[in-house]
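Please read it with the coordinates open.

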Amino acid sequence: FGQGVGPIHLDNVQCTGNEDTLWNCTAIVSNHNCAHFEDAGVTCAYGPCELAGYTDQCCDISDGTDCQGDQHPEVCHCDTECELHGDCCSDFDLTCTCTNGDVRLINGADTNEGRVEICLNGRYGTVCDDFFGIVDGQVVCRQLNLPDTSVEVFSFSYFGQGTGPIHLDNVACNGDENYLLNCSHNGVGVHNCAHFEDVGVRCNSPSCTDGETRLADGPDQYTGRLEVCYNGQWGTVCDDLFGQEEATVACRSAGLPDGNAGAIYFAFLYFGFASGPINLDDIICQGTEDHLFNCSYTADHNCGHFEDIGITCNPPCEYDGQLRLAGGDSNMEGRVEVCTGGTWGTVCDDSFDNSDAKVVCRQLGFSTGSPRTYINLQYGRGFGD
């Protein structure tokens with residue numbers, strides 16, 4: 001409740017609980033060894049259930065009343081959070097009761113997400129994020145009868161830090177379990193974690209079909225950041241080992257021309273930073289595959305989004321010297337690109353001025369009256385060598 005100011009009057013207060021005033025309790029007056037960061041505080045509630053954060057509306061199961069729980073003759077209703085998960089608290093031990101192995105998601109925006117908590121020894125506790133991955137998250141969602149094909153896992157107490165025990169650490173599921181408690185772990189209560197490592201899960205409905213491929217945030221349908229659908233979620237592809245063969249197969253996967261494919265490294269420079277998962281890494285293709293998922297790859301990556309790969313799947317140009325303007329708002333403006341050897345390429349701005357721009361406009365059949373020349377990536381970076 002914040003630090004007080006002024007003198008510290010009492011220290012080592014010891015009451016029996018029957019005194020009418022605090023002054024009647026045993027205490028040291030004025031002579032103390034404390035600072036104000038040790039100031040005591042109290043919350044006064046109306047009943048024993050409220051003291052534990054619950055309501056004091058109790059019911060007697062002996063008269064046939066429909067009560068929440070049957071541990072004791074008199075059962076208190078829990079607060080909203082406990083009732084949401086079907087728990088109850090007893091008037092005697094003031095604890096939430098739960099069934100061993102039950103899991104729940106706490107503090108999320110809806111019932112499909114939140115901090116993972118599991119019931120063990122009659123008490124809910126958290127799960128450490130060490131080695132906790134998508135497969136483990138899928139088991140949590142499956143146990144809760146929530147969608148398990150498009151799961152996100154959040155580390156470092158994304159949904160807030162829990163309280164109480166940390167029940168599980170180093171969880172490692174095979175993926176076919178129906179209950180989190182059936183997965184491998186260190187043992188109940190055996191951990192080296194703190195609550196800032198509480199793991200969270202989001203159980204999404206699939207946003208795409210596994211294997212789908214798309215190019216995102218590019219200037220046209222043929223160029224962009226490479227994204228693939230994996231476990232029902234769109235995600236990026238890391239540029240490790242990614243080259244010409246992989247770009248060719250990626251274009252083919254996206255249903256785009258593959259004869260003039262090219263890889264675009266540091267895609268964030270061209271298409272902005274992506275968010276969400278990185279789905280594939282270390283892809284190795286022969287170049288003849290029909291789909292990226294037919295190539296060798298790993299879904300476990302060591303990348304950041306600054307390593308996202310982009311590709312260009314432009315159809316080959318028609319003849320040497322052919323011109324186009326790319327990246328503009330209309331076909332009358334843009335980055336100057338010229339065709340050489342069936343491939344589009346850019347023109348360096350060294351010495352390029354309005355006289356050169358007039359020739360470009362004339363070749364494209366536009367007016368040459370007052371062309372403007374732009375430098376310094378006015379229409380974005382080009383691609384290729």
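This is a predicted model: local features need pLDDT of at least 70, side-chain atom pairs count only at pLDDT 80 or more; totals for chains, interfaces and linings use all residues.

1. Disulfide count. How many disulfides does the structure hold? The count comes to eight. A disulfide is a covalent bond between the sulfur atoms of two cysteines.

2. Cys128 to Cys193. These two cysteines are joined with an S to S distance of 2.0 Å. The angle about the S-S bond is -85°, and the link is left-handed. The pair ties distant parts of the chain, 65 residues apart. Cys128 sits in the loop between strand 9 (123-127) and helix 3. Cys193 sits in the loop between strand 11 (166-168) and strand 12. Are the two ends buried or exposed? Cys128 has 1% relative accessibility and counts as buried. Cys193 has 12% and also counts as buried.

3. Cys141 to Cys203. Here the S to S distance is 1.9 Å. This link is left-handed, with -85° about the S-S bond. Which elements does the pair connect? Cys141 belongs to helix 3 and Cys203 to strand 12. They are 62 residues apart, and the pair links distant parts of the chain. Both Cys141 and Cys203 are buried.

4. Cys285 to Cys295. The sulfur atoms of this disulfide are 2.1 Å apart. What is the handedness of the link of Cys285 and Cys295? It is right-handed, with 105° about the S-S bond. Both cysteines lie in the loop between strand 17 (278-284) and strand 18 (296-298), 10 residues apart. Cys285 is buried at 6% relative accessibility. Cys295 is buried at 6% as well.

5. The cut-off for exposed is over 50%.

6. Helix 3. This helix spans residues 134-143 and is mostly covered. Seven of its 10 residues are buried. Which ones are buried? They are Asp136, Gly137, Gln138, Val139, Val140, Cys141 and Gln143. What covers the buried residues of helix 3? The cover includes strand 7 (103-107), strand 8 (113-120), strand 10 (150-154) and strand 12 (200-204).

7. Aromatic pairs. A search of the whole structure finds eight. A pair of aromatic rings is described by the distance of the centres and the angle of the planes. Why is the pair of Phe154 and Phe159 edge-to-face? The planes stand at 80°, so the pair is edge-to-face, as the cut-off is over 60 degrees. The ring centres are 5.4 Å apart. Phe154 is buried at 12% relative accessible area, and Phe159 is buried at 7%.

8. Phe293 and Tyr297 have ring centres 5.4 Å apart. Their planes are at 85°, so this pair is edge-to-face. Tyr297 is partly exposed, at 30% relative accessibility.

9. Aromatic cluster. Which residues form one aromatic cluster? They are Phe154, Tyr158 and Phe159.

10. Charges over rings. Arg104 lies over the face of Tyr124, at 3.8 Å from the ring centre. The charged end of Arg214 sits over the ring of Trp234, 4.1 Å from its centre.

11. Positive phi. Most residues other than glycine have a negative phi. Asn145 follows helix 3 and has a positive phi near 60°. Leu241 has a phi near 65°. Where is Leu241 found? Leu241 is in the loop between strand 15 (233-237) and helix 4 (244-253). Its relative accessible area is 55%, so Leu241 is exposed. Ser351 has a positive phi of about 65° and is not a glycine. Ser351 lies in the loop between strand 22 (343-346) and helix 6 (354-363). At 72% relative accessibility, Ser351 counts as exposed.

Conventions
Residues are numbered from 1 along each chain as its sequence is written. Side-chain values use heavy atoms; hydrogens and water are left out. Rings of Phe, Tyr and Trp (its six-membered ring) pair if their centres lie within 6.5 Å; planes under 30 degrees apart count as stacked, over 60 as edge-to-face and the rest as tilted. Buried means under 20% relative accessible area, exposed over 50%, partly exposed in between (1.4 Å probe, protein chains only). A charge sits over a ring if NZ of Lys or CZ of Arg is within 6 Å of the ring centre and within 35 degrees of the ring normal. Helices (H or I, at least four residues) and strands (E, at least two) are DSSP runs, numbered from the N terminus. Contact means heavy atoms within 4.5 Å. A disulfide is a pair of cysteine sulfur atoms within 2.5 Å.
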